[in-house]
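Please keep the sequence and the model open side by side as you read.

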Amino acid sequence: MAQLLRQISGRELAEWQAFEEVYGPVGVEARLDHTAAVIAQHIVNVIGRPKKPFEVEDFLPHWDRRPLEGFEDEEGGADAGGAA
């Protein structure tokens, strides 16, 4: 963290944090959620044969949503994933 703060200001770091809270993780590997969503969509649509096929968006995390009040993850902290 000290090295990071030597390279960018605390304000810029806060701006990146706010960006990530709205749009999700920054980085190439961050879009693995989309790849996983495509795979899940195809599996459910082929095996489950729903009356109305699912869309990729049905399996994507909702980065712009806040966790439900009072909801806690397995470690006992507030869920930050925002997934539906």
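## Ground rules

Helices here are DSSP runs of H or I with at least four residues, numbered from the N terminus. Please bear in mind that this is a predicted model.

## Helix α2 and what follows

Helix α2 covers residues 10-23. Just after α2 comes Gly24, which has a positive phi of about 95°.

Aromatic rings are paired when their centres lie within 6.5 Å. By this rule there are two aromatic pairs. One of them is formed by Trp16 and Phe19, with 5.8 Å from centre to centre and 75° between the planes, an edge-to-face arrangement.

An α-helix has 3.6 residues a turn, so residues three or four places apart point the same way. As for accessibility, Trp16 is partly exposed at 44%, and Phe19 is also partly exposed, with a relative accessibility of 37%.

## Gln41 in helix α3

Now to helix α3, residues 32-48, where you will find Gln41. Is Gln41 buried or exposed? Gln41 counts as buried, because its relative accessibility is 12% and the cut-off for buried is under 20%.

Which residues does Gln41 touch, leaving aside those up to four places away in sequence? The contacts of Gln41 are Phe54, Glu55, Val56 and Phe59.

Note on methods
Residues are numbered from 1 along each chain as its sequence is written. This is a predicted model: local features need pLDDT of at least 70, side-chain atom pairs count only at pLDDT 80 or more; totals for chains, interfaces and linings use all residues. Side-chain values use heavy atoms; hydrogens and water are left out. Rings of Phe, Tyr and Trp (its six-membered ring) pair if their centres lie within 6.5 Å; planes under 30 degrees apart count as stacked, over 60 as edge-to-face and the rest as tilted. Helices (H or I, at least four residues) and strands (E, at least two) are DSSP runs, numbered from the N terminus. Buried means under 20% relative accessible area, exposed over 50%, partly exposed in between (1.4 Å probe, protein chains only). Contact means heavy atoms within 4.5 Å.
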